[in-house]
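Subject: Structure handover

Dear colleague,

Please find the structure below. My notes on what was found in it come after.

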Amino acid sequence: PGLAADLLAWNPMWPIVSFAQAIFLDNRVPAWSTLAYPAIVAAAFLALGFVAFRRLSGEIVDEL
């Protein structure tokens, strides 16, 4: 494993893709805990988007 593998480990889609590959190609169900990192990243972006929406909601109407 080189630099590309190290960078790929930080991609939140990689655990989801490897989870699907294990199910469909290896015919096994991996541990659900492998999806914790993508779930945390998704929750963080959801919270960030909610904060941005609440803060900018008054100006959104003007932009539309």
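Pro30 has a relative accessibility of 12% and therefore counts as buried (buried is under 20% relative accessible area, exposed is over 50%, and partly exposed is in between, with a 1.4 Å probe and protein chains only). Pro30 sits in the loop between H2 and H3 (helices are DSSP runs of H or I with at least four residues, strands are runs of E with at least two, and both are numbered from the N terminus).

Two notes on the source. This is a predicted model, in which local features need pLDDT of at least 70 and side-chain atom pairs count only at pLDDT 80 or more, while totals for chains, interfaces and linings use all residues. Residues are numbered from 1 along each chain as its sequence is written, and side-chain values use heavy atoms, with hydrogens and water left out.

Helix H2

H2 covers residues 13-24, which is 12 residues. From first C-alpha to last, H2 reaches 17 Å, close to the 16 Å expected at 1.5 Å a residue (the expected span is 1.5 Å times one less than the number of residues). Pro15, Phe19 and Ala22 are the buried residues of H2. They fall within an arc of 65° when seen down the helix axis, so they line one face of H2 (the arc is that of the directions from the helix axis to the C-beta atoms).

Trp14 is also placed in H2; at 35% relative accessibility, Trp14 counts as partly exposed. Val17 is another residue in H2, and Val17 counts as partly exposed at 32% relative accessibility.

Nonpolar patch

Leu8, Met13, Trp14, Ile16 and Val17 make a nonpolar surface patch of about 410 Å². A patch is made of residues with over 30% relative accessible area and no salt bridge; like charges are joined within 9 Å, and nonpolar side chains (Val, Leu, Ile, Met, Phe, Trp, Tyr) within 5 Å. Accessible areas come from the Shrake-Rupley method with a 1.4 Å probe, and for residues only the protein chains shown count as cover. H2 gives the most to this patch, with four residues.

Aromatic pair

The count of aromatic pairs comes to one (rings of Phe, Tyr and Trp, the last by its six-membered ring, pair if their centres lie within 6.5 Å; planes under 30 degrees apart are stacked, over 60 edge-to-face, and the rest tilted). Phe19 and Trp32 form this pair, which is tilted, at 5.1 Å centre to centre and 50° between the planes. The pair links distant parts of the chain, since Phe19 is in H2 and Trp32 is in the loop between H2 and H3 (36-63), 13 residues apart. Which of the partners is buried and which is exposed? Phe19 is buried, at 9% relative accessibility, whereas Trp32 is exposed, with a relative accessible area of 63%.

The structure holds one salt bridge (a side-chain nitrogen of Lys or Arg within 4 Å of a carboxyl oxygen of Asp or Glu). Arg28 and Asp26 form the salt bridge, with their closest N and O atoms 3.9 Å apart. Arg28 counts as partly exposed at 45% relative accessibility, and Asp26 counts as partly exposed at 48%.

Asn27 lies in the loop between H2 and H3 and has a phi near 60°, a positive value in a residue other than glycine. With a relative accessible area of 72%, Asn27 is exposed. Leu25 lies in the loop between H2 and H3 and counts as exposed at 67% relative accessibility. The C-alpha atoms of Leu25 and Arg55 are separated by 45 Å, and these residues are 30 apart along the chain.

Regards
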